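Subject: Structure handover

Dear colleague,

Please find the sequence and structure below, followed by notes on what turned up when I went through the coordinates.

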Amino acid sequence: MIEINLMPRDARRATRTPSSSAEASAPGEASRWHLLASVPGLVTLLVLALLYPGARDRHRALEDRVAQAVRDSTDLAGLISAAEQLRAGRDSTAARMQVILELDDGRYVWSHILDEVATAVPDFTWLTRVAEVGTGDQLQVEIEGRTANTFALTRFMNRLEASPFLADVSLAGTEQVAERLPGGGEWILSSFVLWVAYRPRRAMEDPP
């Protein structure tokens with residue numbers, strides 16, 4: 001079949017023109033939508049670019065703090081080990097000293113007693129007897145002597161109390177006695193008896 005287009009040429013152009021303009025406007029709108037859709041991605045990239053240097057610095061600071069903590073822990077472990085070694089050495093030395101003190105106390109008891117008593121004797125005072133008396137775990141010593149006055153006796157008792165080996169000094173008795181002088185006269189003296197307890201050195205060093 002043969003078709004004949006009876007529409008004038010101008011009408012054909014008119015019908016083609018709207019379609020051509022619609023087709024021409026479609027790519028432009030698509031480009032704008034693409035641009036709008038890419039804006040969030042660009043903003044995200046910009047924010048990451050701004051935040052990356054700060055995050056990197058914080059990460060580096062954390063690494064430095066971790067490294068410093070490791071070094072401090074290592075140093076502290078060394079100090080603890082050294083302290084434990086010193087404590088072990090101190091305990092060993094204390095144990096050895098305790099053994100020495102026990103041997104010394106058992107071997108030189110009377111040497112300590114006589115030395116302390118002789119050192120404490122004041123002027124115008126002399127001793128007539130020093131002996132062990134009583135029973136029990138603590139050694140008791142009886143000291144007899146004579147003195148020219150009561151002040152010397154008080155001084156003698158105070159010195160005995162100050163001794164590191166003697167304690168519990170008490171006056172058991174005192175009386176007046178007369179001593180004959182070479183020229184025929186008499187000298188009135190005070191005769192006394194003291195009780196003293198021996199105190200080992202380890203008893204002083206032990207805590208109460």
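To begin with the hairpin of strand 3 and strand 4, which has five residues between the strands, Gly-184 takes a positive phi near 105° there. Helices (H or I, at least four residues) and strands (E, at least two) are DSSP runs, numbered from the N terminus.

Please bear in mind that this is a predicted model, in which local features need pLDDT of at least 70 and side-chain atom pairs count only at pLDDT 80 or more, whereas totals for chains, interfaces and linings use all residues. Residues are numbered from 1 along each chain as its sequence is written, and side-chain values use heavy atoms, with hydrogens and water left out.

Buried here means under 20% relative accessible area, exposed over 50%, and partly exposed in between, with a 1.4 Å probe and protein chains only.

Helix 2 has buried residues at Val-109, His-112, Ile-113, Glu-116, Val-117 and Ala-120. Seen down the axis of helix 2, these fall within an arc of 120°, so they line one face of the helix; the arc is that of the directions from the helix axis to the C-beta atoms. On the other side of helix 2, Ala-118 and Thr-119 are exposed.

Val-117 counts as buried because its relative accessibility is 2%, and, not counting residues up to four places away in sequence, it touches Leu-127, Ile-143, Phe-156, Leu-160 and Leu-166, contact meaning heavy atoms within 4.5 Å.

Ser-163, in the loop between helix 3 and strand 3, is also worth a look. Its relative accessibility is 4%, so Ser-163 counts as buried, and its side chain makes a polar contact with the side chain of Glu-116 (2.7 Å). A polar contact is a pair of N or O atoms within 3.5 Å; within protein, one must be able to donate a hydrogen and the other to accept it, and residues adjacent in sequence count only if both atoms are side-chain atoms.

Conventions. Pairing = 2+ DSSP bridges.
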